[in-house]
Amino acid sequence: INESELIYQVHDRQTAAIDAVYDMGNGLTPGNDYPNYETLAAVTTAGGNFDTCLALGLFKLGSPPAGQVTADVRGDAQGGYVNTSAAIIKRIAIDRAGLASGLVNEGAFASLDVLQPAEVGIFVDRDGATASDVIGELARGIGAFWGFGRDGRLRVGRFDGPGSAVSGRFDGADMIDIRRRRLPYEIQPHLFTVGYARNWTVQTGQLAGGVSQSRQRFLAETYRYSAAENTDIIGRHPTSTAPPAIEALFVERSDAKAEAKRMLELYGPERSMYVVVLKLSSVLLEIGSTIVITYHRWGLSAGKSFSVVGIRENAAENEAEVTIFG
């Protein structure tokens, strides 16, 4: 933001930490933090060093850079630093999209934080990116959903298998129609791969001579990956394939591994998906609810639990199409 003073900005609000600054991939020496722009601009920063003003998301170099400047940053800390998917989604909704805090389902956000407490990080530098775009990216990385519930409040949750708390039971007398729907993966996958430790600035050349080989490898790739595999599935389904890697935002490998295992288990059993058409007046379901379907076909005669993954309402026909997975 000030070329002559070598001052850079990484965030438009208070920042938790600028852990490292690099010139052509070579780490600079951290200096001091200053409370405001004027003090930072006035200080003489030593060559090869950097100083910061975390209150404004700024850092200053001590000497002109030899090449591309990058940084490791722990971002927004206005009101405290948050680093889980649920907490970041909530902050974006309130602070960036302007949603009133009273329109947030605090219980749903707290529950998602318990289900998925992993540290994540996201960098938004795309022109035209909306709050919805960023929230969607955060949610997809952990297999979550988000939207406004029937009470008008923003809620989040994770797509999991059916739970133990049943929100409704429906049989042939309740259903206008029921039809099978193709699963997201036509053949049961035997392997899931999840990305972690995203590098937001890929650098494949123009690096300083002292950059280590391991650092060069890191900078050359957008993601690191962790996978979970069940080779027994190949025995049952020889044409089983692996879906594309999930571009998640996890910081740690262990959390990416855990998510890969969760996805493998979620799609591991013989799953099925249906669309059930019900009278709208009888449907008070939310995405993520568990229901039990009893039907004379497809092995459902004894009743089977499903998770609600989609609801499309048609007020004119007084009908609701409910997509279920289980």
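Guide: R179 has a relative accessible area of 33% and is therefore partly exposed, where buried means under 20% relative accessible area, exposed over 50%, and partly exposed in between (1.4 Å probe, protein chains only). This is a predicted model: local features need pLDDT of at least 70, side-chain atom pairs count only at pLDDT 80 or more, and totals for chains, interfaces and linings use all residues. Residues are numbered from 1 along each chain as its sequence is written, and side-chain values use heavy atoms, with hydrogens and water left out.

Visitor: With which residue do the side-chain atoms of R179 form a salt bridge?
Guide: A salt bridge here is a side-chain nitrogen of Lys or Arg within 4 Å of a carboxyl oxygen of Asp or Glu. For R179 the N to O distance is 3.1 Å. The partner of R179 is E321.

Visitor: How many residues apart are R179 and E321?
Guide: R179 is in strand β11 (residues 175-181), and E321 is in strand β18 (residues 319-325). Strands (E, at least two residues) and helices (H or I, at least four) are DSSP runs, numbered from the N terminus. E321 is partly exposed, at 22% relative accessibility. The pair links distant parts of the chain, and the separation is 142 residues.

Visitor: How far apart are the closest N and O atoms of D160 and R262?
Guide: D160 lies in the loop between β9 (154-158) and β10 (166-170) and R262 in helix α7 (residues 253-266), so the pair ties together parts that are 102 residues apart in sequence. The two residues form a salt bridge, and the closest N and O atoms are apart by 2.6 Å.

Visitor: Which residue meets E137 in a salt bridge?
Guide: The N to O distance of this pair is 3.6 Å. The partner of E137 is R198.

Visitor: Which residues are linked in a network of salt bridges?
Guide: By this rule the count of salt bridges comes to 18. The network joins R13, D76, R91 and D95.

Visitor: What is the angle between the ring planes of Y274 and W298?
Guide: Rings of Phe, Tyr and Trp (its six-membered ring) pair if their centres lie within 6.5 Å; planes under 30 degrees apart count as stacked, over 60 as edge-to-face and the rest as tilted. By this rule the count comes to 11 aromatic pairs. Y274 and W298 form a tilted pair with centres 5.4 Å apart, and the angle between the planes is 35 degrees.

Visitor: Why does the pair of Y274 and W298 tie together separate parts of the sequence?
Guide: Y274 counts as buried at 1% relative accessibility, whereas W298 counts as partly exposed at 27%. Y274 lies in strand β15 (residues 273-279) and W298 in the loop between β16 (290-293) and β17 (304-314), so the parts tied together are apart in sequence by 24 residues.

Visitor: Which kind of aromatic pair do Y274 and F306 form?
Guide: Both Y274 and F306 are buried. Their ring centres are 5.5 Å apart, and the planes stand at 85 degrees. The pair is edge-to-face.

Visitor: What is the phi of W298?
Guide: W298 lies in the loop between β16 and β17. W298 is not a glycine, yet its phi is positive, at about 60 degrees.

Visitor: The charged end of which residue sits over the ring of Y22?
Guide: A charge sits over a ring if NZ of Lys or CZ of Arg is within 6 Å of the ring centre and within 35 degrees of the ring normal. Over the ring of Y22, the charged end lies 4.2 Å from the centre. That charged end belongs to R215.

Visitor: Which residue in β6 stands opposite T52?
Guide: Strand β5 (residues 49-53) and strand β6 (residues 58-61) pair in the antiparallel sense over four bridges, where two strands pair if DSSP finds at least two bridges between them. The residue opposite T52 is F59.
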